[in-house]
Amino acid sequence: NLVTARSDAPGSGGGGQIRNHSQIHRGGDRTRLYILESDISSGPLFTYSAVSDTFGGSAQTDTFLDEASAAVNRDGSLLGTRFGGQTGASLDTAPAFNFVHSIGGIDSGIAFDAAQDRFYGINSSTDQIIGYNTNTFSQNLVLQIGEDVSSGSSMFGPGTMAASPDGRHLA
């Protein structure tokens, strides 16, 4: 519960600086941060572990991340990313960014359940929130939104969703 200025973050600004409008996502257990830098074409992203107090893996996506969506699972071991303008989400390990699985049809907000092994994504073609088991990657929930949702909807900004700490609510 302490905010500290760091100079060792692998941000693109040097000396620990990251760009304006960058996204910071936190896992359900609050031990892993996933940072996506916006406003730069190299699309840097990296992780931070509160347990070890170190910055973990980093990568360059070679694309602007202004319209990307991201999430961290409940124990900080899995990262979800949906790149702006693309349909589908990538699930990768944290902190090393090793590819685990791709989920098609997701073109707006994404989130992980904070209480169980579930990944959520919005499919604007079907106007649904779809839940996937992160152990089997099988679809295990379909929720009709009840409204027409456009691809990469501005209703969700860059596609931000969040689950409550007890996993009972999704916003």
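# A conversation about an all-strand model

Guide: Strand β11 (residues 128–133) is largely enclosed by the rest of the structure, because five of its six residues are buried. Buried means under 20% relative accessible area, exposed over 50%, and partly exposed in between, with a 1.4 Å probe and protein chains only. Strands (E, at least two residues) and helices (H or I, at least four residues) are DSSP runs, numbered from the N terminus.

Visitor: What kind of model is this, and how are residues numbered?

Guide: This is a predicted model, in which local features need pLDDT of at least 70 and side-chain atom pairs count only at pLDDT 80 or more, while totals for chains, interfaces and linings use all residues. Residues are numbered from 1 along each chain as its sequence is written, and side-chain values use heavy atoms, with hydrogens and water left out.

Visitor: Which strands does β11 pair with?

Guide: Strand β10 (residues 118–123) pairs with β11 in the antiparallel sense over six bridges. Strand β12 (residues 139–144) also runs antiparallel to β11, joined to it by five bridges. Two strands pair if DSSP finds at least two bridges between them.

Visitor: What holds strands together in general?

Guide: Strands of a sheet pair through backbone hydrogen bonds, either parallel or antiparallel.

Visitor: How many residues lie between the strands of each hairpin?

Guide: The hairpin of β10 and β11 has four residues between the strands, and D127 there takes a positive phi near 50°. The hairpin of β11 and β12 has five residues between them, and F137 in the turn has a positive phi of about 65°.

Visitor: What is the strand order in that sheet?

Guide: The order is β9-β10-β11-β12, an open sheet of four strands with antiparallel pairing. β9 and β12 stand at the edges with a single partner strand each, so one side of each is left without a neighbour in the sheet. Neighbouring strands of this sheet are turned by 20° against each other on average, direction ignored. For such angles, axes are lines fitted to C-alpha atoms, for helices over the stretch in contact, and angles run from 0 to 180 degrees between N-to-C directions.

Visitor: Now the whole protein: how many helices and strands are there?

Guide: The protein has zero helices and twelve strands. Its radius of gyration is 15 Å, close to the 16 Å that the globule rule gives for 171 residues, so the protein is as compact as a globular protein of that length. That radius is taken over C-alpha atoms, and the globule rule is 2.2 Å times the number of residues to the power 0.38. Buried residues make up 43% of the 171 residues.

Visitor: What is the order of the sheet that contains β1?

Guide: That open sheet of four strands has the order β1-β2-β3-β4, with antiparallel pairing. β1 (23–26) and β4 (54–60) stand at its edges, each with a single partner strand, so one side of each is left without a neighbour in the sheet. β1 pairs with β2 (residues 32–36) over four bridges, and I24 stands opposite I35 in β2.

Visitor: How much space lies in the largest pocket, and which residues lie nearest its centre?

Guide: About 660 Å³ of space lies in the largest pocket. Its lining has 20 residues, of which L2, V3, T4, L33 and Y48 lie nearest the centre. On a 1 Å grid over the protein atoms alone, a pocket is an open set of points where a 1.4 Å probe fits, with protein on both sides within 12 Å along at least five of seven lines; lining residues have an atom within 4 Å of a point. β2 gives the largest share of the lining, three residues.

Visitor: Where is P95, and what kind of peptide bond joins A94 and P95?

Guide: P95 is found in the loop between β7 (89–93) and β8 (99–103). A cis peptide bond joins A94 and P95, with omega about 5°.

Visitor: Is R30 buried or exposed?

Guide: R30 counts as exposed, at 51% relative accessibility. R30 lies in the loop between β1 and β2, and its phi is near 65°, a positive value in a residue other than glycine. Most residues other than glycine have a negative phi, and most peptide bonds are trans.

Definitions and conventions
Grid points are joined across faces, edges and corners, and a volume is the space filled by probe spheres set on the points.
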